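Let's work through some helix exercises together. Have a look at the model first, then try each task before reading its solution.

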Number of protein chains: 2
Amino acid sequence: MSLIVQKYGGTSVGSAERIREVAKKIIDYRNQGHDLVVVVSAMSGETNRLIDLAKQLSDNPRGRELDVLLSTGEQVTIALLSLTLAQMGMPAVSYTGSQVRILTDNAHNKARIMEIDDKNIRQDLNQGKVVVVAGFQGCDENGNITTLGRGGSDTTAVALAAALKADECQIYTDVDGVYTTDPRVVSEARRLDSITFEEMLEMASLGAKVLQIRSVEFASKYNVPLRVLSSFTEGGGTLIAAEDPSMEQALISGIAFNRDEAKLTILGVPDHPGIASQILGPIAAENIEVDMIIQNTGHDSTTDFTFTVHRNDYQAALTILQRTAEELGAREVNGNEKIAKISVVGVGMRSHAGIASTMFGSLAKENINISMISTSEIKISVVIDEKYLELGVRTLHKAFNLEQAPA
Amino acid sequence: MSLIVQKYGGTSVGSAERIREVAKKIIDYRNQGHDLVVVVSAMSGETNRLIDLAKQLSDNPRGRELDVLLSTGEQVTIALLSLTLAQMGMPAVSYTGSQVRILTDNAHNKARIMEIDDKNIRQDLNQGKVVVVAGFQGCDENGNITTLGRGGSDTTAVALAAALKADECQIYTDVDGVYTTDPRVVSEARRLDSITFEEMLEMASLGAKVLQIRSVEFASKYNVPLRVLSSFTEGGGTLIAAEDPSMEQALISGIAFNRDEAKLTILGVPDHPGIASQILGPIAAENIEVDMIIQNTGHDSTTDFTFTVHRNDYQAALTILQRTAEELGAREVNGNEKIAKISVVGVGMRSHAGIASTMFGSLAKENINISMISTSEIKISVVIDEKYLELGVRTLHKAFNLEQAPA
């Protein structure tokens, strides 16, 4: 008998009918002999309904009272699911974040979990009950209700799984797993049976929005096997776990991409130590996050410096950069909003040469020009013109044979 | 500077616009220099929405999980009101029942308040904040969320006022006070400036549904002056307080009435000790509540026994009574669903004779036949044919000059 933490998102519990389906799934699983802790989100639409109400009354609803408001969303779901399970003959008990006690810091609206008390939950599990926990919420040490920010229910599930030393944390969602790339772009995209934490982190941060990145970090840190499955269809989903050296790994697990970025370049900057922080300092001071950074030595002891920001921050970053360029005596500033980033991700590339050349070569064959390159141990990212995004993703998917399962 | 507890019901906070109006009222009051604790109900319609959701999933939603569900209604209101007050520049902080800690017994769905911790609230008041508390809810000693049952927000307000030794507990509602009788029946009905706890208890239990009877009992027990006011119109409302011997009291404060009852009679029962419990025992065993009870000695050592029940319980009670009649060898059973009860209520009748004769005489003058009479220290009730209800109430209202304020 194993202990499983399951998490059902807002769409999975979006109506009475769907809550009933979730309850049936839980009972099936329970009847296989597993102990179950179930984390649920607010019913889809509910969080937005509450925010709309708040916005009718406050220009900028936030802080402590917004958390008091939003936390009711999950509280409704835990009660409804527990009532449904009881109706179907399965003993169940609900917990709000405060009741579990999921202790967080006091950063309202984006709190971080510090500690979970597992005493009460274990007691209920020992009595054969299904334990239903409100995701996304906790309380600070003074009993103030906190929320973890959007998507925080995944984090709740993983943190509970870690605290309870669960055998697996299953995230039920509206997709049936993690794919080699977005099936809307490449119809041959294939569901992965498994992927490592590191690969998932690279995929998630690059825009494969199956899981919240914080929950994957958490799972990796505490080595909690994560599984992504569909609430609506059968299937084993995708297991996200630590790298298993006995497993034959594919070179590349997937192709991630992102069209939310914009690129800025400052040309002909006098090249002296500390120049990078002089350029990026004013950007960071405005809370603009920078993703890729590339510096090339230029000529005449000047350098060219390029970085990407979220497309929403493009205009603000451009204004700052122009001011910086004047101060530093740089030659020119330019930028481009119409870019896209494509990344190939895979732990296999650690031990295999030639990934980069396959990648660059196959893009070149399609006449796709690469304007930036950035690499990490398990990822190579390139920035290209946005109009070539779909073609680039399809080309790379094919070049690495991702439509076929690894032998 | 005084400490006031205010309570706003579901209609008063039924929309964003109304919450804004309540916030303005609170700020006006606060600016007069009073410390304020504000108790709110769920927005009107919200509790029913939640119950409807639960009923789609459970044949009989109740117990612990129903409380988890319903308590979200008030939690939404406290957050919205606090956000609104902050938006208007008034520092405010919200508390759920668990956060205050309103400790109750563990009788879910109808819990009773056992103790209130006033530490945190006092601290916030001392810091100049308006404290906004969710009505209707608390928690048991294990931290399970409990609710006090419908209308429990009044009880929360009174209990908080008692715990904080508040100077007054103001119940804002959709009527502007307590009237001498229902203005829909008697257009001359007059709003009372004040009424005693005992009178209010008799009025409330007889169907004058301005306040929950439990909250009046509570206020009386802890001697908390209660004031009923309208959320929508100006005016001093009605003060409900302990009897003040210095005040000139009217003989009669009001006329209450009730058409929810039905009458059952068992005739020709052998008259021996214990007969009453033999008749009423089987009724009570079915959880049917009995209101008025009258026994008259008949002839031939038999007795006639009449009682009233809620009209919804009439058929069930009749079936039981017929079985009892056979067992006891009674002569006959009959009943009447078309009855009404009218009561005159007033602490003044303690020290004045003649109330009963005025009451009976004026009804007789209108040819209204009285079929049952029951009296208490401050109340005389009669049962009459339902069709004479309005005429009876108007007649008595006039007979006791209730349209005129006491000299």
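## Exercise 1: helix α10 of chain B

Helix α10(B) is followed by B:G329, whose phi is positive, near 70°. Before going on, note that this is a predicted model, where local features need pLDDT of at least 70 and side-chain atom pairs count only at pLDDT 80 or more, while totals for chains, interfaces and linings use all residues. Residues are numbered from 1 along each chain as its sequence is written, chains are lettered from A and ligands numbered from 1 in the order in which they are written, and side-chain values use heavy atoms, with hydrogens and water left out.

**Task.** Find what span α10(B) should have at 1.5 Å a residue, and which of its residues are buried.

**Solution.**
1. Helices are DSSP runs (H or I, at least four residues), as strands are (E, at least two), numbered from the N terminus.
2. The expected span is 1.5 Å times one less than the number of residues. For the 15 residues of α10(B) (314–328) it is 21 Å, and the end C-alpha atoms are 21 Å apart, which agrees.
3. Buried means under 20% relative accessible area (exposed is over 50%, partly exposed in between; 1.4 Å probe, protein chains only). The buried residues are B:Y314, B:A317, B:L318, B:I320, B:L321, B:T324, B:A325 and B:L328.
4. Their cover includes β14 (261–270), α9 (275–285), β16 (302–310) and β17 (332–336) of chain B.

## Exercise 2: helix α6 of chain B

**Task.** Work out how many residues of α6(B) are buried.

**Solution.**
1. Helix α6(B) (residues 152–163) has 12 residues and reaches 16 Å from first C-alpha to last, close to the 16 Å expected.
2. Of these 12 residues, 11 are buried, so the helix is mostly covered. Among them are B:G152, B:D154 and B:L160.
3. After the helix comes B:K165, with a positive phi near 50°.

## Exercise 3: helix α6 meets α8 in chain A

**Task.** Decide how α6(A) and α8(A) lie: roughly parallel or roughly antiparallel?

**Solution.**
1. The axes (lines fitted to C-alpha atoms over the stretch in contact, with angles from 0 to 180 degrees between N-to-C directions) of α6(A) (152–163) and α8(A) (213–221) come within 8 Å and cross at roughly 10°.
2. That makes the helices roughly parallel (under 35 degrees; over 145 is roughly antiparallel, 65 to 115 roughly perpendicular, the rest oblique).
3. In contact (heavy atoms within 4.5 Å) are A:D154, A:T155, A:V158 and A:A159 of α6(A) with A:R214, A:S215, A:F218 and A:A219 of α8(A).
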